[in-house]
Amino acid sequence: MLAQILSTLLPVFLIAGCGTLYGRYRRPDIRGLNTLNMELFVPMLVFAALADRQAPLTDYVRLALAAAVVVLGSGVLLWPVVRWLKLEVRTFLPPMMFNNAGNMGLPLIVLAFGEAALPAAVVVFIVEMLLHFSVGLWMLDPRTPLWRLLRMPIVLASLAGLGANLSGATLPVWLLETLNMLGGVSIPLMLFALGVRMLDIDFDHWRMGLLGAVLCPLSGLVIAAPMVALLGLSGITAAALWVFAALPPAVLNYLVAEQYRQQPHQVASLVLIGNLGSLVVMPLLLWVVFEHVRPMAS
């Protein structure tokens, strides 16, 4: 069991650690790397995973629904807590809802459950991204036009991949292989970028960051538990949902808060201390998942 957990987590944290070490001395243009990743490599990964007919998407409808409920339900569950603690709702709540399904979720799910879990990882990632760029932006500014979604390469790649899969079209092997090779760049690059971002931790708001590091995975898991039972999820889909629910806040929350001038330094503490907290949360979660869920996937 310990070997399984270490073999899953060590590559994740070692690649992120390489980013931190390199960033400590070189300070690469991480915003440019993220732009390249989100506009080119990730869309290719998403399209290839969705268009591959060996992964019938009808098997993941319940997972997508459960992931959406986890995201939105976390906000509903924590809203009274945020009001009671007299925290700024627009600062604290979005990082609790929109988790790190890209930088950490994709690599973790694939490393933990193998390449067969890639479609499940992509599905929960797409759900999180769509909700973040619709509900999340509306929370920060209700005047944000939702048509912006259609300009996002990830959304366009998702629609194209869904269309190819549902239409029954069979893509040439050479095209899928090319897309998979280029898309495969995205996962280690996400982890490397996360490591560089860890250098920007702001401990001035460490109390809020520590609170978020506890409430983010806790609220997700509280919502995920009934969803697994109600929707009858099992095997890889159940395991993917458990990992998704316990992920820390997405780095994207900080970038969005910076864009909307919504207390970005406090959001940075929530995001980065929350990701540090995953060093404790993820080994415990994977121990439970490997013990009780993974055998059902075999």
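User: Where in the chain is confidence lowest, and where is it highest?
Analyst: The lowest mean, 46, belongs to helix α14 (residues 294-297), and the highest, 95, to helix α3 (residues 61-84). Over the chain, the mean pLDDT is 85, with 94% of residues at 70 or more. Where pLDDT is low, the predicted coordinates should not be read in detail.

User: Why is Asn37 called buried?
Analyst: Its relative accessible area is 2%, and buried means under 20%, so Asn37 is buried. Asn37 lies in helix α2 (residues 30-51). Beyond its neighbours within four places in sequence, its contacts are Val42, Pro43, Ser186, Leu189 and Met190.

User: How many aromatic pairs does the whole structure hold?
Analyst: The search finds 2. One of them joins Tyr22 and Phe192, with 5.9 Å between centres and 50 degrees between planes. Tyr22 is in helix α1 (residues 2-26) and Phe192 in helix α9 (residues 186-197), 170 residues apart.

User: What makes Tyr22 and Phe192 partly exposed?
Analyst: Their relative accessible areas are 42% for Tyr22 and 21% for Phe192.

User: Why is the pair of Phe113 and Phe290 called edge-to-face?
Analyst: The planes stand at 65 degrees, with centres 6.1 Å apart. Edge-to-face requires over 60 degrees and pairing requires centres within 6.5 Å, so the term applies. Phe113 in helix α5 (residues 101-113) and Phe290 in helix α13 (residues 264-292) are 177 residues apart; both are buried.

Terms used
Residues numbered from 1 in each chain as written. Predicted model: local features only at pLDDT ≥ 70, side-chain atom pairs only at ≥ 80, totals over all residues. Heavy atoms only, no water. pLDDT = per-residue confidence, 0-100. Helix = DSSP H or I, 4+ residues; strand = E, 2+ residues; numbered from the N terminus. Buried < 20%, exposed > 50% of the residue type's maximum accessible area, 1.4 Å probe, protein only. Contact = heavy atoms within 4.5 Å. Phe/Tyr/Trp six-rings, centres within 6.5 Å; stacked < 30°, edge-to-face > 60°.
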